[in-house]
Amino acid sequence: MRYPPVRRWCLPLLMCIIAIHAAAGSGGAILPEKSDTTIQIVFTSDIHYGITRPEFDGDTNVASHLVNTRMIASINTLPATVLPADQGIGAAQPVGPIDYMMISGDIANRQEPPYPSAAVSWNQFTRDYGKGITLRNRHGRPIDLLLLPGNHDLSDAIGYYKQLEPHTDPTSMVGIYNQMLHPATKKTTASWHYPADKISYTREIGGIHFIFITIWPDSANRLWMEKDLAAVDPHTPVIIVTHDPPDGDAAHFRNPNGAHDINSSDRYECLLEETCKDSQYTTAKSDGKPQNDTIEQRGFVAFLKAHPNIKAYFHGHNNWNQFYTYTGPDHDVHLRTFRADSPMKGKFSAHDQTKLSFQLITIDPASKTLTVRECLWNTDPLHPGKPPVWGESFTMTL
């Protein structure tokens, strides 16, 4: 029995099916393969040097240095790891070079006794990450660390409503400031003053304008951002990186009461310059009155509407991996948002260490497309040092 010839139509049909399948998984677009221009960034947050994990790999009270070292070992395996077949950028290709690593705060834990000072924690961090990360960029040079402070770093520097020992230690703030802003005269713990020496900076990465700001985009940070964005082409995609989520944390605003200071009665942390207008209380207050920052959020939402080229937002603080859309208190804005897990205080990974994760961001500059992938780095605690296992994935056009 003779069969009709298939060579002329079989291969094109197969390629068509593959293309349709890829398009269906990426919002209708066939995503590019990785190339020499592809940008890749590792993102994590809340590494909390100074504290211990209750349990890790069968041990109890495991020091942050040991946990972070284990995560670093997994991060270092990335270049030889193959990306998942998830239809994101470079799917099923080797990861290859990494260009940057972003850490969005809480590098040092708050120095509440018995936890060590910010100086001790910062020195551990610089040793582990400065010497332990072996990743190289496309040019064969060590990757750049892009750092931000979190509420713990800043509270160490300016004080807190609970006892700290020492009362203030700005070492981690000074270290981040000098490393990111490169002042002609480096700041010292004596010459650094907040908020004059706020950590705000930008980076142009793959045709995308990254804005890094301290804690949250409050009204003071937005004034700085307005000046910065005035010089940016309105068609250039913008990504905000900061510590707090886009809905903020009311306790981080300036105290609206009395002397507007940090005190154990009001429990505002005064990390932001903007005074909280919504509530005289935080959720930490024993009377249980709820916190509220709706007015402040609406100010941020108005800023987003005025700058539609702000396409994405990366943050930590809450300590779990999540890819979601921020819609604002009135559900009238849509901002793609990426929340990072913590190796020390994860909401879910604290109780299930197989869920410990960091993120890998892959950017195609030509198509202005971005893929974010969850990297589960401790799925096999009995055999440490293995490459991460791929978790959730999300691709968007910027």
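Phe125 is in contact (heavy atoms within 4.5 Å) with Ile47, Tyr49, Ile103, Ile107, Gly130, Leu145 and Leu147, when neighbours within four places in sequence are left aside. The model is a predicted one, in which local features need pLDDT of at least 70 and side-chain atom pairs count only at pLDDT 80 or more, while totals for chains, interfaces and linings use all residues. Residues are numbered from 1 along each chain as its sequence is written, and side-chain values use heavy atoms, with hydrogens and water left out.

Phe125 also belongs to the largest nonpolar core, which has 89 residues; Met102, Phe125, Tyr129, Phe210 and Phe314 have the most contacts inside this core. A nonpolar core is a set of buried Ala, Val, Leu, Ile, Met, Phe, Trp, Tyr and Cys residues joined through side-chain atoms within 4.5 Å. Buried means under 20% relative accessible area, exposed over 50%, and partly exposed in between (1.4 Å probe, protein chains only).

In helix H6 (residues 219-229), the buried residues are Ala220, Asn221, Arg222, Met225, Asp228 and Leu229. Helices (H or I, at least four residues) and strands (E, at least two) are DSSP runs, numbered from the N terminus. The buried residues of H6 pack against strands S6 (201-205), S7 (208-212), S8 and S9 (310-315), and against H7.

Asp278 lies in the loop between strand S8 (238-241) and helix H7 (294-306). Asp278 counts as partly exposed because its relative accessibility is 23%. Asp278 and Thr294 are 16 residues apart in sequence, with their C-alpha atoms 6.7 Å apart.
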